Amino acid sequence: MARERTLFSGLVGACIEAWAELRIHRTRVLLSLIGVAVAVTALTSVVGLGAIAQQATIESAERSSGRPATLYLSAYSNTGTIDPDALETAFRTAVGRYKIDFASTVVYTTQRTQFVDGAVDVDTQLVDEPYGTMHRVQVDEGRWFDDGDLDRLAPALVVNSIFWQHLGSPDLRTHPTVTLLGDGKTTAVIVGVTEALPYVETPQMFMLPSSYYAIADPTTVAQLQPQFEVWVPTKLFEQLQTLLQRDVAGALGTDAQVDVYRQDYASTGEDPFGPTKLVIGGVAILVLLLGALGLVNISLVTVRQRIREIGIRRSFGATAGRVFFAVMMESVVATVVAGLVGVILAVLIVENPLVQQFVAFGITDLPPFPIEAALLGLAASAAVGAIAGLLPALVAVRVKVIDAIRY
Amino acid sequence: MTLLRLEGVTRTVELPDAEPLDILRGVDLEVSVGDHVSIVGRSGSGKSTLLNLLGLLDNPTSGSIFFEDRDTSTLTANARDRARGRDIGFIFQQFNLLSGRTALENVMTPLLYATGRQFWRRTQIAQEMLEKVGLGHRGASMPEKLSGGEQQRVAIARALVRGPRLILADEPTGALDVETGGTVMALLDEVAEQSGAALITITHDANVAALARRHYRLDRGVLSPVDVNRVLALAAPEVAL
């Protein structure tokens, strides 16, 4: 018990000493810690911004190939053609059986559309309502499809911004319409506008499959090659991949070849952001090392100035361990405070709307400031403090007391 | 009761390109509780080396040092440090007050290495000690705002605040004028006597040395007793130490 009491008062005493040192040498400490605070700010900001950049990349990948795990299902006949209705029925039955919430038909086609300056074959993607969530479709104006759109007599369209601009960017509250050409003329209503992809320069649109089938020429519909997508839990994808393939193939008969495969960005099993993380981590460590080097330098210089004081303390009974601990503690306490300041600055930088506008452009699910970045910043500052304190602490314990007093 | 005993203590320093240098040769000394001993000697006579040994800051090359009948060579480094903090108080020529800290904080510093009541009630104990040396009202003053005599009184309070059994005063009046030096020595003698601590004054000032009850002279590493009259005679400028 007496030993514990001694240890406790020793610990408290070392903390008091460290705090007193920091208080007395505050100008010197402040100057030396600016480097650490800047380094921690840089480290935490890089990690924080890296998380946002990673999220932006993930969302971009998910927009094109779906969220993990997205399974694609396609079927073809070994002898002739697959009946689209039979395929649709087989797919929907299987999806219902396994209670898959996110499933969509995906068909690429063109739809002749009348604009004021002439008719244009518009690239059209026939998708169901869940596709918007599955592919993070961003609707800038208006809305994405909903269940009510299935019952519309005038088909609902979600068009890209080029399409919309072709129409003169009408206010969607006025329910702008466009004429779809085919066997006859069909008036469709634009319910939403998406941002055109950077490489796209032509009008494009989304349409519900049922709306398209209702107005399209049956011959054209028969020639379409529908694909299907499902978004399933990553843990279950292998199981569902087998089951979907088996069920749909079974429903279509032996003549049909059914493929179910995964193609989202995470399908390889490797971390696609590994190289990015390595680069970010490398930069962060370099920045931190620079800060640590500055601190070690200043600590070594100042501990030499304090040798006399350390000698005096030793003459009062400060053990070598106590002096070592106090010098280390002083360094760690100071750098943790600097680290805290650095983390706060990093949060202010990363959460700044101007910075986010630049880094997080186009992100729908903006990640919160990553707590691991803040913890990393604090841990790094404590580690830097310990490393930077180690050398001066070793110098301090090697002091010859009487020589130090007369230093 | 014997507090400190040196038996045949020698201290030799190895030199890189010369014969080993004998700094102390066969030093015998016995100091009892409440004793006041002075050691006079010229510069280079080995006073500092003896101070290091008496303060458990160094080990003899041969011979033994007993503190309260315990051979100090059997103590670990940490045990020696703790014993020094607990039982020995140092007073230096240049006061060696810690800059940037008030007089009270300076006096409190040794209590940071104490345990129990001394640690937790350090402010109160330090304040009482300052009052004992007549500086209760200067606790908040920084060392540079104090006169030389006041600084040395703070240093005395600091040396005595843990109630040491042995006080080692290294040229305690070396940085003071004669009058202030006399006052400080009187105070040191009084406070040491009140606390029952033994006082060893190492000095080249014969007048200061004469205040002690027993007197020694250190010459070329050899410690020998000397009569008080001889010490005072040595104070005359024409007589060399």
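A:Arg136 is partly exposed, because 19 other C-beta atoms lie within 10 Å of its own, and a residue needs 20 or more to count as buried. The model that shows this is a predicted one. A:Arg136 sits in the loop between helix H4 (131-134) and strand S4 (139-142) of chain A. Its backbone stands out too. Phi of A:Arg136 is near 50°, a positive value in a residue other than glycine.

B:Glu68 is not a glycine, yet its phi is positive, at about 50°. B:Glu68 is found in the loop between strand S4 (62-67) and strand S5 (70-71) of chain B. It counts as partly exposed, because it has 15 C-beta neighbours inside 10 Å.

Chain A has one more backbone feature to look up. A cis peptide bond joins A:Pro68 and A:Ala69, with omega at about -5°. A:Ala69 belongs to the loop between helix H2 (26-65) and strand S1 (70-77) of chain A.

## Chain A

Now step back to the chain. Chain A contains 14 helices and 10 strands. It has 407 residues, and 38% of them count as buried.

Helix H13 of chain A covers residues 371-397. Does its length agree or disagree with what 1.5 Å a residue predicts? Its 27 residues should span 39 Å, and the end C-alpha atoms are 38 Å apart, so the two agree. H13(A) also has a kink of about 35° at A:Leu390. The kink comes shortly before the proline A:Pro392.

Next, take strand S6 (residues 177-181) of chain A. In general, side chains in a regular strand alternate between the two faces of the sheet. The covered face of S6(A) holds A:Val178 and A:Leu180. The uncovered face holds A:Thr177, A:Thr179 and A:Leu181.

S6(A) pairs with strand S2 (residues 102-115) of chain A, antiparallel, over 2 bridges. There, A:Gln114 stands opposite A:Thr179. S6(A) also pairs antiparallel with strand S7 (residues 185-194) of chain A, over 5 bridges. In that pairing, A:Leu181 faces A:Lys185. S6(A) and S7(A) form a hairpin, with 3 residues between them.

## Chain B

One has 6 strands in the order S6-S7-S8-S3-S9-S10, with mixed pairing. Which strands stand at its edges? They are strand S6 (88-91) and strand S10 (222-225) of chain B. Each has a single partner strand, so one side of each has no neighbour in the sheet. From one strand to the next, the twist averages 20°.

In this sheet, strand S9 (residues 214-219) of chain B runs antiparallel to S10(B), and 4 bridges join them. B:Leu218 stands opposite B:Leu223 in S10(B).

The other sheet has 4 strands, in the order S2-S1-S4-S5 (chain B), with antiparallel pairing. Its edge strands are strand S2 (21-32) and S5 of chain B, and each pairs on one side only. Strand S1 (residues 2-13) of chain B pairs antiparallel with S2(B) over 8 bridges. Here B:Thr2 has B:Ser32 as its bridge partner.

| Strand pair | Sense | Bridges |
|---|---|---|
| S2(A) and S6(A) | antiparallel | 2 bridges |
| S6(A) and S7(A) | antiparallel | 5 bridges |
| S9(B) and S10(B) | antiparallel | 4 bridges |
| S1(B) and S2(B) | antiparallel | 8 bridges |

## Where the chains meet

Finally, look at the contact between the chains. On one side are 25 residues of chain B, and on the other are 20 residues of chain A. Which helices of chain B each supply at least two residues of its side? They are helix H1 (47-54), helix H2 (77-87) and helix H4 (116-120). H2(B) gives the most to this side, with 7 residues. By class, the side of chain B that touches chain A has 10 nonpolar, 10 polar and 5 charged residues.

Conventions. Residues numbered from 1 in each chain as written. Chains lettered and ligands numbered in written order. Predicted model: local features only at pLDDT ≥ 70, side-chain atom pairs only at ≥ 80, totals over all residues. Expected span 1.5 Å × (residues − 1). Bend = angle between axes of the 7 residues up to and from the residue. Contact = placed C-beta atoms within 7 Å. Nonpolar A, V, L, I, M, F, W, Y, C, P; charged D, E, K, R; others polar. Buried ≥ 20, exposed ≤ 12 C-beta atoms within 10 Å, placed from the backbone. Pairing = 2+ DSSP bridges. Axes fitted to C-alpha atoms, helices over the stretch in contact; angles between N-to-C directions.
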